[in-house]
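Please describe how this two-chain model is put together, starting with the make-up of each chain and ending with the contacts between the chains.

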Amino acid sequence: MSRRSRKKAARFDPLHIGWPLWLVSGSAIFFLIAPVLLLIPMSLGSAEIIEFPPSKIGLDQYHKFFNHPAWQRAVLNSLQVSAMTAVVSTFLGLLASLGLVRGKFRGKGLINAFIVSPMIVPIIVLGLAFYISLAKLGLLGTKLGLVLAYTPLTLPFSVLPISATLRGFDRSLEHAARILGANRFQTFAKVTFPIIRPGVLTGAIFAFMIAFDEVVIALFICGTTAVTLPKKMWDVIRYEIEPMLPAISTLLFLLAIIILVLVGFLQQRITRRMTTS
Amino acid sequence: MTEKSASNSFWQRVEGRQFLLVVPALLALLLLFAFPISSVLLKSLFSPDFTLKHYIYFFKTPLYSRVLWITFQISILSTLSALIVGYPIAYVLRRAKPGIRNFFLLAITLSFMISLLVRNYSWIIVLQRNGVINSVLGTLGLIDAPLKILHNKFGVMVGMTHIFVPYIVFPIYSVMMGVDLNLEKAAQNLGANRWQTFWRVSFPLSLPGIGAGALLVFIMALGFFITPALLGGRKEQMLSNLIQIQIVDLLNWPFASAMSLILLIATLIVFSVYNRYLGLERLWGGVKQ
């Protein structure tokens, strides 16, 4: 090996990132985040039209949003539907995860595949399927109809974090509780559940977020009597120019940040519990 | 000794009964998922007698074959463009110092968690006739007339790429994390330059991540509805959008059902490729049992 090439080899650092790569990846990150960040200054415009840059600055749009009865109802509907969906889906998901992670029975792979299958079916197909079925039951335009439709949709996302937490669970803790005289339900309530709680909460948050953001199924089922926030936003984006939209988007952006912090916090607790137990 | 075997048999008994815990979820899925989907299947085949006319009509009408082609075309193109945008991010993530890596990860995760409607809407604000790009370019005097960059294929590609990039970055990044960087050093020592090292070592080793991300994104793209509806023009409407028009505007449920089944089957074919080569476990976040 010549002296020069040896010097070159010694200088080679796999962690080195050249400026063209910084430029490309930096632009990609900019592309991901800039359009949404742009909505924040846009939301401060007070004019009746959406303009860039806004000519008059103020919080008028937020004020209007919070005092608008139709939007208030949409937010309330969305909160109710998403909370109900999260409860139902997390309850079913918790039981199913306990059975699937710990049980020894045949056909577990098949059941696992069945539980994740709603993730793979195109959302429009689910929309049509629920539209036909809920019409027969007279549940179109009801919040119950929405919850029923969102349950299979969110189930995989609550099963996923719960069963991941259960897999890392040290079962000798339960055996210890049993030996110390706790019955099965006491063991679950006092030992098992507190340990897997962060995973259960993460599952509930995922289910809530998916239901809170769902628009395609909502288009078919909401009707005019159970309009959710995404459905109302959809109508406004498609058919009107609504100066409130950047403000609403900014609020949803803040919600995403809160959820991110919350999930990050829960994730930390899960890893800490795994390492201590 | 006896105590231990007693407790063992107790746990065995419980574990045998654990199947019961899965029953509520299975019932819910049967009633709220399998049953509604099969009613779509029935609707497409019986009206009221068995018929294949809706399927035959779909494949005989040039408009629908064209939409099927456009659906595949947009899906392939948006998958590729998400790969082009996402790959460099994953590459840098693997090599950056913790501070920058965390910043990048935060930006990607945040973008991933923001409402889909908000992300699409933000592109309307950026791309529309009097939107941000046109205002800025117009003020700078770089264009005379506003650019037409919304309600066409460009708009759809931008919107879909934006949504798909995180789904591409995470699998590639996780595969890259498992690759020993000393392999690159070795290649360099053996005389490869940076370019050769990348194409002969780093890139082939990241292919499993590329495959996982690309197939996942392609499956999502086939059934995409929101972005073509909001950012596309008439020519960029995908199969999902046509199904919605059939249901809501034309009230032709049997034909909409047949189209839904065609879309579902196309998706399942791509998915079976995914499952065969990568396994269902990857959808669960890479947790293998």
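## Helices, domains and contacts

Read along the sequence, chain A follows the pattern α-α-α-α-α-α-α-α-α-α-α-α, which amounts to 12 helices and 0 strands; helices (H or I, at least four residues) and strands (E, at least two) are DSSP runs, numbered from the N terminus. This is a predicted model, in which local features need pLDDT of at least 70 and side-chain atom pairs count only at pLDDT 80 or more, while totals for chains, interfaces and linings use all residues. Residues are numbered from 1 along each chain as its sequence is written, and chains are lettered from A and ligands numbered from 1 in the order in which they are written.

Chain B has 13 helices and 0 strands. The radius of gyration of chain B is 25 Å, well over the 19 Å that the globule rule gives for 289 residues, so chain B is more spread out than a compact globule. For chain A, a compact globule of 277 residues would have a radius of gyration near 19 Å, but the value for chain A is 25 Å. The radius is taken over C-alpha atoms, and the globule rule is 2.2 Å times the number of residues to the power 0.38.

| Chain | Extent of the C-alpha atoms along the principal axes |
|---|---|
| Chain A | about 80 × 70 × 35 Å |
| Chain B | roughly 90 × 70 × 35 Å |

Chain A is assigned domain 1 (18–58) and domain 2 (61–276), with bounds that come from an automatic or database domain assignment. The centres of these two domains of chain A, taken over C-alpha atoms, are separated by 30 Å. Across the boundary, 10 residues of domain 1 of chain A are in contact with 8 residues of domain 2 of chain A, where contact requires that the C-beta atoms of two residues, placed from the backbone, lie within 7 Å. The side of domain 1 of chain A that touches domain 2 of chain A comprises 7 nonpolar, 2 polar and 1 charged residues; Ala, Val, Leu, Ile, Met, Phe, Trp, Tyr, Cys and Pro count as nonpolar, Asp, Glu, Lys and Arg as charged, and the others, Gly among them, as polar.

Within chain A, the axes of helix 8 (residues 172–179) and helix 9 (residues 184–213) come within 10 Å and cross at roughly 140 degrees. Axes are lines fitted to C-alpha atoms, for helices over the stretch in contact, and angles run from 0 to 180 degrees between N-to-C directions.

In chain B, the axes of helix 8 (residues 153–177) and helix 10 (residues 194–222) come within 8 Å and cross at roughly 150 degrees, which makes helix 8 of chain B roughly antiparallel to helix 10 of chain B. Among the residues making the contact are Phe164(B) and Tyr167(B) of helix 8 of chain B and Gly209(B) and Leu216(B) of helix 10 of chain B. This contact in chain B consists of 14 nonpolar, 4 polar and no charged residues.

Between the chains, 77 residues of chain B are in contact with 71 residues of chain A. Helix 2 (residues 19–45) of chain B gives the most to the side of chain B that touches chain A, with 16 residues. That side of chain B divides into 53 nonpolar, 18 polar and 6 charged residues.

Technical notes
Parallel < 35°, antiparallel > 145°, perpendicular 65-115°, else oblique.
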